[in-house]
Amino acid sequence: MDPVDNPYQPSAGVRPRELAGRGRELSAMDVLIGRSERGFVSQSLILTGLRGVGKTVLLNEFARRARERGWIVAQIEGPSDFEHADGALRAKLARGLHSSLREALGRWKKSDLLTRAAGALKSFSLSVDPTGTWTIGIDVAVATGRADTGQVELDLPELAIDLGTAALSRGVGVLVCVDEMQQLSRTDLAAVCSACHEAGQREVPFYVAGAGLPNLPGVLADAKSYAERLFEYSRLGPLLPIEAAQALRVPAEAQGVQWRRNALDLAVAESGGYPFFLQTVGRHTWDAAVGPTYISLDDARVGAALAAQQLDRGFFQSRWDRATPYQRRYLTAMAVDGEGPSSTSTVAHRLDRTLGALGPVRAELIARGLIYSPEHGQIAFTVPGMAGFIERVEP
Ligand SMILES: Nc1ncnc2c1ncn2[C@@H]1O[C@H](COP(=O)(O)OP(=O)(O)OP(=O)(O)O)[C@@H](O)[C@H]1O
Ligand SMILES: [Mg+2]
């Protein structure tokens with residue numbers, strides 16, 4: 001069928017035509033917004049899951065909903081392994097809050113609280129933005145003595161209180177969305193926790209919606225012992241078969257195309273319910289289908305085979321290529337356990353090395369985002385299906 005009409009969009013962070021199976025998370029956000037607007041305090045929300053499971057898409061949707069309610073919203077991403085982790089949060093927040101606050105300054109009636117919040121953002125930004133790019137259009141004096149100690153763990157809570165208080169006076173709140181949150185430094189994570197903690201105690205509506213790999217709750221707990229009480233964690237897994245089927249069926253139906261039952265079952269099974277894989281199978285199946293009104297089992301067979309080839313060449317291969325030969329040996333030793341997790345001592349045993357000798361290679365693979373530690377002494381792939389790929393390239 002015509003690829004121009006193809007409704008499937010395998011990508012990163014691109015909203016799918018049908019956002020299937022995430023009702024619980026979406027209503028948690030709606031409840032947070034609704035409660036906040038009625039003066040109640042909630043826990044901030046954290047989404048965790050493997051690569052391609054749909055974290056960024058959900059976070060974007062959270063931001064959209066909060067913005068629609070007139071909230072002050074910033075969207076930032078933790079530093080990649082090429083960026084400096086130190087100080088990343090302050091620089092990114094300065095940028096991220098800038099446009100949202102400018103917009104509020106334009107929209108809202110001038111008030112002392114708003115001026116104070118803008119002044120606090122300005123002084124918070126000063127040290128990372130000496131030229132003042134991210135304060136352009138915020139025509140207030142720097143608030144001396146607010147958010148300007150240079151220590152993010154002291155400054156962020158002050159900024160959060162000032163922004164949240166200004167938002168509260170307008171009946172809205174502040175939402176900071178942090179993608180790839182596990183990449184923030186420990187200091188930055190501690191600052192985020194302190195800000196949420198302080199805001200909660202003062203009943204000021206400042207919330208964080210975070211997303212990251214499954215090790216994020218552990219990383220947060222390391223940064224602040226009370227973190228697990230600040231956040232409501234939601235682990236995103238693959239979609240249930242019925243949800244995965246819906247993610248494929250609905251976008252096709254919107255274009256007058258029906259999936260045959262057996263074709264749908266095959267595509268769902270091949271994707272394992274993983275959103276990125278679903279979009280990839282859907283895309284190839286559509287392009288391969290004879291059409292024009294339905295998708296047959298044969299179409300889905302061809303689509304699934306093409307999708308698997310493309311995933312091997314792109315999604316998996318790109319990660320494999322980024323690893324050094326020594327790192328690949330480590331990954332191959334892990335792949336024996338399938339989807340895992342693997343015990344680090346078992347992997348060491350397989351490689352005939354001591355645990356300590358493998359510490360550096362393990363740390364490098366974690367820093368590159370290829371593996372993560374679900375709990376002490378364990379290690380797992382961040383990408384679903386990686387073990388199967390390794391079996392295919394290193395039989
Ligand atoms: N609930 C869903 N239903 C259907 N498709 C989805 C759903 N969630 C995400 N997708 C699709 O899956 C793909 C991956 O989504 P997304 O980029 O949000 O994943 P992610 O978890 O942020 O991955 P990463 O860890 O690599 O950043 C996108 O193409 C998106 O359109
Ligand atoms: Mg993402």
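These legends describe close-up views of a predicted model.

View 1. Ligand 1 is surrounded by 25 residues. The closest are G13, V14, G52, K55 and T56. By class, the shell holds 13 nonpolar, seven polar and five charged residues.

**View 2. Polar contacts of ligand 1 with A20, R51 and V53.** A polar backbone atom of A20 sits 2.8 Å from a nitrogen atom of ligand 1. R51 uses its side chain: a polar atom there is 2.8 Å from an oxygen atom of ligand 1. V53 uses its backbone, with an N or O atom 3.2 Å from an oxygen atom of ligand 1. Ligand 1 taken alone exposes 630 Å², and the protein buries 94% of that. Two elements, α2 (55–68) and α11, each give two or more residues to the shell around ligand 1.

**View 3. Ligand 1 between domain 1 and domain 2.** Which domains give residues to the shell around ligand 1? Domain 1 (23–235) and domain 2 (239–319) both do. Ligand 1 therefore lies between them.

View 4. Elements that give two or more residues to the lining are α10 (261–271), α11 (275–288), α12 (297–322) and α16 (386–393). The largest share comes from α12, with six residues. By class, the lining has ten nonpolar, four polar and four charged residues.

**View 5. The second largest pocket between domain 2 and domain 3.** Why does this pocket lie between two domains? Domain 2 (239–319) and domain 3 (324–393) both give residues to its lining, so the pocket lies between them. Domain 2 also gives residues to the shell around ligand 1. Helix α11 likewise takes part at both sites: it gives two or more residues to the pocket lining and two or more to the ligand 1 shell.

View 6. P292 is placed in the loop between α11 and β7 (294–295). P341 is placed in the loop between α13 (325–335) and β8 (342–343).

**View 7. A positive phi at E180.** Where is E180 found? E180 is in the loop between β3 (174–179) and α6 (186–201). Its phi is positive, about 50 degrees, although E180 is not a glycine.

Methods: Residues numbered from 1 in each chain as written. Chains lettered and ligands numbered in written order. Predicted model: local features only at pLDDT ≥ 70, side-chain atom pairs only at ≥ 80, totals over all residues. Heavy atoms only, no water. Helix = DSSP H or I, 4+ residues; strand = E, 2+ residues; numbered from the N terminus. Nonpolar A, V, L, I, M, F, W, Y, C, P; charged D, E, K, R; others polar. Domains from an automatic or database assignment. Near = heavy atom within 4 Å. Polar contact = N/O pair within 3.5 Å; in protein donor to acceptor, adjacent residues only side chain to side chain. Areas by Shrake-Rupley, 256 points an atom, 1.4 Å probe, with all protein chains shown as cover.
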